[in-house]
Amino acid sequence: MPHFKSLCIAALTLMATTASAAEVKIGVAAEPYPPFSSPDSSGNWVGWEIEMIDAICAAAELDCVVTPVAWDGIIPSLNAKQIDAIMASMSITEERLKTIDFSDPYYNTPTVIVADKMLDIAPTPDSLAGKILGVQASTVHQAYAQKYFTDAEIRVYQTQDEANQDMIAGRIDATQADAMAMAEFVEGAACCEIKGPVADDPAILGLGVGAGVRKGDDALLAAFNKGVAAVIADGTRSAITEKYFGKDIF
Amino acid sequence: MIPLKELLQPHRILLMALFAGFVLWCAVSLRWDWIPQYLPLAAHGLWTTLWILLASIALGFPLAMLLGLAQAVGPWYLAWPAKGLCTVIRGTPLLLQIWLLYYGLGSLFPQFPWIRGSELWPYLRQAWPYALTALTLSYAGYEGEVMRGAFSSVAKGQLEAARAFGMPRRTIFRRIWLPQAVRNVLPTLGGETILQLKATPLIATITVIDIYAVSSRVRSDTFIVYEPLLLLALVYIVIALVIGQGFAWLERRVPR
Amino acid sequence: MSDLLELLGLGQAAELLSLSPPGWGRNLLVGLSRSLQIAAGAFGLGLLIGLLGAYGKLHGGKITRDLLAIYTTVIRAVPELVLILILYYVGTDLVNKASAALGGGPVEISGIAAGIWVLGVVQGAYATEVLRGAIQAIPPGQVEAARAFGMPGWTILRRVTIPAMMAFAVPGLANLWLIATKDTALLAVVGFSELTLETRQAASSTRAYFTFFMAAGALYLMVTLLSGALFARLEKWARRGQPSLKGGAR
């Protein structure tokens, strides 16, 4: 049935463009997550992680395209081949390693609790008991809060940004998230301050942030590992970090 | 319901066998081991879905009657705002309305510090009042349009006859006009209620934990994609069937 | 002009909504155009499915009719949001499997194509019912008369059934089109950058939630009112030559 076959291929190309072999679609979360990745008013994605994607892809000699995807569907999208890799500040955890593979980490930051300046809150289970804690869905922070802060009322948001917004509105008492993202947030929001890092639990909070790829996609994994090693070794990461944070914090 | 005899036609038996095979395949080859762990959460989510659905209809229907009445017979200063409200609610996506209510209002809170000291603050902090408000307004908007038609379609002769008997206006409304208008919309009410059910998962986007949110939670905790979604679809189909049968029963009970 | 806006306290809103950066107006308009493209595509696909479905329900065999009954019942009972998630993952999976079976690589499905497929399947179920009802509403005498004059089947469809059906179908189809435009907003939850997601990104980047949600609401309302007017003219045209319905109802 060669005729039928060519017809099908024609139909497929009509509704979709077959990705050229070299093009790698990098999934980022379709939400503002400053200073890592956020859309600007001219429709481009900018931020520390976006520049890191460019640098890592250049070092790994990959032709990368940034593709925004809903965060809570980002792993299914990877496995459904809608994207080829995830570089969206996704921590390398045991739970995720059961489903996808990760490259070597390209950054690692602590996890902190942010709360209203007026409130006397410490990043401990006792202090958060009875408080309303906002976390983003499908994150290490949600998993951590559900394990340790069992006496807090945990409210789950689609994006961290919505949790931040409700923090400003006063609907939640505290939020748990990445230290660097929160540093950027409290700088712009007069309401809140960082109350300190939570006690580490690498099994849940992970071992830093890496690029996620489909299981079995070993060539791409090797390329990312090479790229990550290169940008750390040749000082590119330091340069990008200094541009965004004023100093090299890694 | 379909009589048993109609179900037992050869092609239907074949289809049902195929479907049973599909269900069996789902049960055997897909992962269901997560169910016991999430059962309590799912029960809670189902309860939230149902009570928000019922409450939004119970609050929305009287509002819809007011909107319909205002448009059908009200003076222009009542008819125009009612028509405007219906147009805006029917003309914009419910998701946008929910976000405008929840995040839009929330973004105004910091400008009014006294809100946090008010009696209402414990409710304003929760998500469900916004969800309930948005769903109630949405139901009222769509049903208000239907009620407008229902009120104006009651035969004029009936009202004139009642007036000729010297019935007071309030009694005419209560005994003649309203029952007939409600009787007229009853066939569409079942469908509208199912539409309302289908609107409820949107409230999960503002942190209300309904049955849809529970399925998202399973998806994000376990990375299982299809199974929670299939089960969720089944839950909604069952609820929709119950609603449909309920209204069919109600319609049979109401005299023509 | 700008002085007037300033006077009304809308200066900031006007700046945020302006079409050139740092205003986000352009992003909203791009999102609107994508929403309309998806809605138009889904409406078209739904119409196609609806025509085939209505034909199958009226003239198809027993199995076709039962399958169509299951299709319309299930689609109309399950929330669109759930259907979108299922169809999105199933659809992309199927296309990739088909492509692999035909010897191709993974296929990149554009957001618009996926949105059209997902909403089109949903619209098809409603369109089936609308068109079936419209065809059944044609007085049987008209088709019988055409047959008595010896018109061939295709000509009857083209010259009698479709024109006579139009008057009954237009109100239902107008409603479906409005549902299509509003349902595109649900794609925001899956991460498609249509009007609602663009709005949310703009709103959370600038923290001006009220301004942007109101602006997006105005855009949707404009689309609704404009299409309402267009469909009213279409209905008038489709009803040409028929007695007026006004006053004669019931």
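The model is predicted; local features require pLDDT of at least 70 and side-chain atom pairs pLDDT 80 or more, while totals for chains, interfaces and linings use all residues. Residues are numbered from 1 along each chain as its sequence is written, and chains are lettered from A in the order in which they are written.

Chain A contains 11 helices and 13 strands, where helices (H or I, at least four residues) and strands (E, at least two) are DSSP runs numbered from the N terminus. Its C-alpha atoms fill a box of roughly 70 × 40 × 40 Å along the principal axes. Of its 250 residues, 51% are buried; a residue is buried if 20 or more other C-beta atoms, placed from the backbone, lie within 10 Å of its own, exposed if 12 or fewer, and partly exposed in between.

Between chains C and B, 31 residues of chain C are in contact with 29 residues of chain B, contact being defined as C-beta atoms, placed from the backbone, within 7 Å. On the side of chain C that touches chain B, helix 11 of chain C gives the most, with 9 residues.

Most residues other than glycine have a negative phi, and most peptide bonds are trans. The peptide bond from A:Pro34 to A:Pro35 is cis, and A:Pro35 lies in the loop between strand 2 (23-29) and strand 3 (38-39) of chain A. A:Lys81 has a positive phi, near 65°, and is buried, with 21 C-beta neighbours inside 10 Å. B:Phe223 also has a positive phi, of about 65°, but is partly exposed, with 16 other C-beta atoms within 10 Å.

Conventions:
Contact = placed C-beta atoms within 7 Å.
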